[in-house]
Amino acid sequence: MKDYIDLRSDTVTRPTPAMRKAMSEAEVGDDVFGEDPTVNALQEKIANLLGKEAALFVPSGTMANQLSIKSHTQPGDEVIIEASSHPYNFEGGAGAALSGIQFQCLKGVRGILDASQIEEAIRPADHHFPVTRLVCLENTHNRGGGSIYPLEKMVEIYQLAKSKGLLLHLDGARLWNASVAIGTKPHEYAQWADSVSVCLSKGLGAPIGSLVAGSKLFIDRVHRFRKMFGGGMRQVGIIAAAGIYALDHHLERLKEDHQNAKRLAVSLKEFKGVSIDPKHVETNIVIFDVANTGMRGSQVAEAMKKEGVLIHAFGKTQIRLVTHLDVTAADIEIALKAFEKVLRR
Ligand code: TLP
């Protein structure tokens, strides 16, 4: 019996017994010397999955994004990004602190930008302006409610970037979800980006680990900065093994998380005062508004906790639910009963 049904994030999963077994049996070496065979196997696997020349294992999605920004830019450069994106909002101001870049934020539709918006935002070659160097996209988009970048939009943005001499980084922390949801292979997305970061510790259920993928030259630069940022790890095959296990066993099952998220959205829509459009729930994230229930998001979260369900409130009236490996379809029904109690009070 679980203490709580935890819908706060897909980062809360615990390694399964089979994953722990794979971890305990991993062959290891000193990865700072490039001698950990399990890390090397994981990096090769990710490079292949993303169709890139090389990939590098790093501790977190934040480090993967920030190393990519650092490796693509010079201090004073401008990075075009969506206003509710993760690198801009939730990485502790690292872009400014660690790379000395400034962001130019554009408002997307559920996090998704258009090439025309980006084109307008590119600075002219005038010494008054910062140099526009990089475009960052996020797929799926977290604050956009797990929204999927339509492939054709990514193609247009990439082609625009190339025609203007810009680089493109994709925060693909949940690229796996996009890929499984629409049956597009990860490399079909990744080919439209110069660098891609992916996470193993979200929907895939590994306890830690992200990777950056790109050209050999780019990854060599990322490797240098990983050392500089203190992200060089040693016998880290123990955790790389969890990532390999996750990719082999937990990728296709993301479909179940998407079904569970849809079930939540469709049912929540029926509650009075809840604003949500289930057709916007494309993957494993459900964002809804409770303004018209008369309750604040934090009050709903507190009441839900008493019912044994953990949820994440943000802003005054918004709530985010994330489905994952440790939440079953039966748990979703229990969570919905709890919502019924809390929201119909
Ligand atoms: N997102 C976490 C929190 O930081 C908000 C979550 O619970 O969703 N890119 C995206 C799109 C992310 O959603 C996250 C984590 C990251 C990067 C950063 O990954 P970590 O937490 O490994 O640094």
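This is a predicted model: local features need pLDDT of at least 70, side-chain atom pairs count only at pLDDT 80 or more; totals for chains, interfaces and linings use all residues.
**Entry 1: the ligand shell.** I listed what surrounds the ligand and got 14 residues. The closest are S9, G61, T62, N142 and D171. I then sorted the shell by class: seven residues are polar, six are charged and one is nonpolar. Which element gives the most to the shell? Helix 3, residues 61–72, does, with three residues.

Entry 2: I looked up side-chain N and O atoms facing ligand atoms. For T62, such an atom is 2.6 Å from an oxygen atom of the ligand. For H86, the distance from a side-chain N or O atom to a ligand oxygen is 2.9 Å.

**Entry 3: the cavity.** I searched the whole structure for cavities of 30 Å³ or more and found one. The largest cavity holds about 50 Å³ of space. Its lining consists of I81, E82, S85, P87, G111, C136, L137, E138, H141, Y149, H169 and D171. Strand 3 (78–82), strand 5 (132–138) and strand 6 (167–172) each give two or more residues to this lining. Strand 5 gives the most, with three. By class I noted five nonpolar, four polar and three charged lining residues.

**Entry 4: cross-check.** I noted D171 in both places: D171 is one of the residues lining the largest cavity, and D171 is also among the closest to the ligand.

Conventions
Residues are numbered from 1 along each chain as its sequence is written. Side-chain values use heavy atoms; hydrogens and water are left out. On a 1 Å grid over the protein atoms alone, a cavity is a set of points where a 1.4 Å probe fits but cannot get out, and a pocket is an open set with protein on both sides within 12 Å along at least five of seven lines; lining residues have an atom within 4 Å of a point. Grid points are joined across faces, edges and corners, and a volume is the space filled by probe spheres set on the points. Helices (H or I, at least four residues) and strands (E, at least two) are DSSP runs, numbered from the N terminus. Ala, Val, Leu, Ile, Met, Phe, Trp, Tyr, Cys and Pro count as nonpolar, Asp, Glu, Lys and Arg as charged, and the others, Gly among them, as polar. A residue is near a molecule or strand if one of its heavy atoms lies within 4 Å of it. A polar contact is a pair of N or O atoms within 3.5 Å; within protein, one must be able to donate a hydrogen and the other to accept it, and residues adjacent in sequence count only if both atoms are side-chain atoms.
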